[in-house]
Amino acid sequence: MSEITLPTKAPGLDNVAVIGCGVIGRSWATVFARAGAKVRVYDARSDAAATVPDKVFDAVEALGYGEETAREVAHRISPVQSLEEALDGAGYAQESVAEDVALKRRLYEEMDKVAPASCILASSCSSIPPAEFLGGLAGERRALIAHPFNPPHLIPLVELVPAPRTADAILDDAGALIRAVGMVPVNVRKPFPGFIGNRLQAAVINEAMHLVAEGVASPEDIDVTLSIGLGRRWALMGPFETMDLNADQGIAEYMNKFGGAYAAMGKELCVTGGWSDEAIGKVISARRNNVAVEDLGARRSWRDRALAMLNSLIEKEVTRS
Ligand SMILES: NC(=O)c1ccc[n+]([C@@H]2O[C@H](COP(=O)([O-])OP(=O)(O)OC[C@H]3O[C@@H](n4cnc5c(N)ncnc54)[C@H](O)[C@@H]3O)[C@@H](O)[C@H]2O)c1
């Protein structure tokens with residue numbers, strides 16, 4: 001793959017702290033370092049922080065950036081031994097520790113005490129309502145959820161969810177920073193469980209399990225329907241734009257023509273019924289027949305390479321349009 005130009009250094013991104021260096025934290029480190037920030041990484045397990053620069057080097061090189069660029073990006077990352085060191089002089093902190101409300105609450109009390117007053121405190125939290133760990137914090141106004149999708153360095157969407165007293169200016173600044181690192185923020189106006197993305201995903205997965213339970217299609221054919229069919233369009237546009245383009249006179253005509261059919265299908269969908277044991281068994285056995293557990297790592301690498309190529313094609317097309 002050819003050398004790719006890095007984004008120019010983003011304003012306000014001089015020093016970023018990444019707290020928690022598991023699957024999500026180390027991918028965030030890649031995002032910020034690629035954007036030119038100096039990134040301090042801290043984890044309660046010092047070995048997890050220590051290995052981040054090497055893992056970022058591997059991730060960047062695997063995406064085709066070339067050895068020199070990968071080294072330059074990884075070089076911007078410094079593992080540190082304490083929360084205080086990580087937050088010293090930071091303008092933005094991205095926390096990615098385990099999804100545990102008591103752990104996050106304790107950590108935010110601490111982060112709020114030691115972070116500079118101007119530092120935005122953002123959590124990768126995917127399911128806990130922000131009020132439960134940010135509500136009542138002395139610095140609640142500068143705290144929010146910035147929820148990514150895995151892996152953040154390849155899926156450029158971030159859901160911003162305010163705590164009850166997050167300042168509007170902080171939401172704006174967090175949005176600007178997310179854009180500056182090459183990602184796209186969306187605002188979740190009410191803290192509904194699952195926010196936007198995971199709710200939509202839950203509706204699709206629950207209905208997919210229902211189709212398997214009813215014997216309508218095999219798990220393989222349902223995956224193909226999404227990846228080769230719906231997903232091809234969804235990589236470019238959401239359901240509303242899809243409807244707008246699927247009728248000569250746009251979405252109003254589409255809704256008029258097909259609203260009744262969607263209402264009828266809606267009555268037959270099963271997004272609330274839970275997964276049957278039989279459907280669970282069929283889906284697991286289909287996946288394991290397709291890829292052995294020990295080969296999942298190789299398949300993830302393939303996914304990441306393919307996502308990088310797709311991102312680059314879509315970016316070129318967006319620039320052209
Ligand atoms: N994995 C995903 O697909 C995904 C996607 C989006 C958001 N998230 C969210 O991101 C967060 C992290 O998820 P993950 O999958 O990376 O978890 P993970 O278990 O891979 O990593 C968590 C890391 O936090 C560290 N840690 C625990 N307590 C700590 C503390 N007090 N201080 C510093 N480090 C500490 C752990 O040692 C570990 O390395 C969660 O809130 C999760 O809901 C995960």
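Arginine 142 is buried, because its relative accessible area is 7%. Buried means under 20% relative accessible area, exposed means over 50%, and partly exposed lies in between, with a 1.4 Å probe and protein chains only. This is a predicted model: local features need pLDDT of at least 70, side-chain atom pairs count only at pLDDT 80 or more, and totals for chains, interfaces and linings use all residues. Residues are numbered from 1 along each chain as its sequence is written, and side-chain values use heavy atoms, with hydrogens and water left out.

Where does arginine 142 sit? Find the loop between α7 (131-134) and β6 (143-148). Such helices (H or I, at least four residues) and strands (E, at least two) are DSSP runs, numbered from the N terminus. The side chain of arginine 142 makes a polar contact of 3.0 Å with the side chain of aspartate 112. A polar contact is a pair of N or O atoms within 3.5 Å; within protein, one must be able to donate a hydrogen and the other to accept it, and residues adjacent in sequence count only if both atoms are side-chain atoms. Leaving out residues up to four places away in sequence, arginine 142 touches several others, including Ala115, Cys119 and Ile170. Contact here means heavy atoms within 4.5 Å.

Follow the chain on from β6. The loop between β6 and β7 (157-162) holds proline 151. The peptide bond from asparagine 150 to proline 151 is cis, with omega near -5°. Further along, phenylalanine 195 lies in the loop between β8 (184-187) and α9. Phenylalanine 195 is not a glycine, yet its phi is positive, about 50°. Most residues other than glycine have a negative phi, and most peptide bonds are trans. Is phenylalanine 195 buried or exposed? Phenylalanine 195 is buried, because its relative accessible area is 4%.

Now turn to the ligand. There are 19 residues around the ligand, each with a heavy atom within 4 Å of it. Ile24, Asp43, Glu99, Lys104 and Ser126 come nearest. A backbone N or O atom of isoleucine 24 is 2.9 Å from a ligand oxygen atom. For serine 126, a polar side-chain atom lies 2.7 Å from an oxygen atom of the ligand. A polar backbone atom of valine 97 is 3.2 Å from a ligand oxygen atom.

Last, look at two helices. The axes of α9 (residues 197-213) and α13 (residues 277-290) come within 9 Å and cross at roughly 95°. Met209, Val212 and Ala213 of α9 meet Ala279, Ile280, Lys282 and Val283 of α13.

Methods:
Axes are lines fitted to C-alpha atoms, for helices over the stretch in contact, and angles run from 0 to 180 degrees between N-to-C directions.
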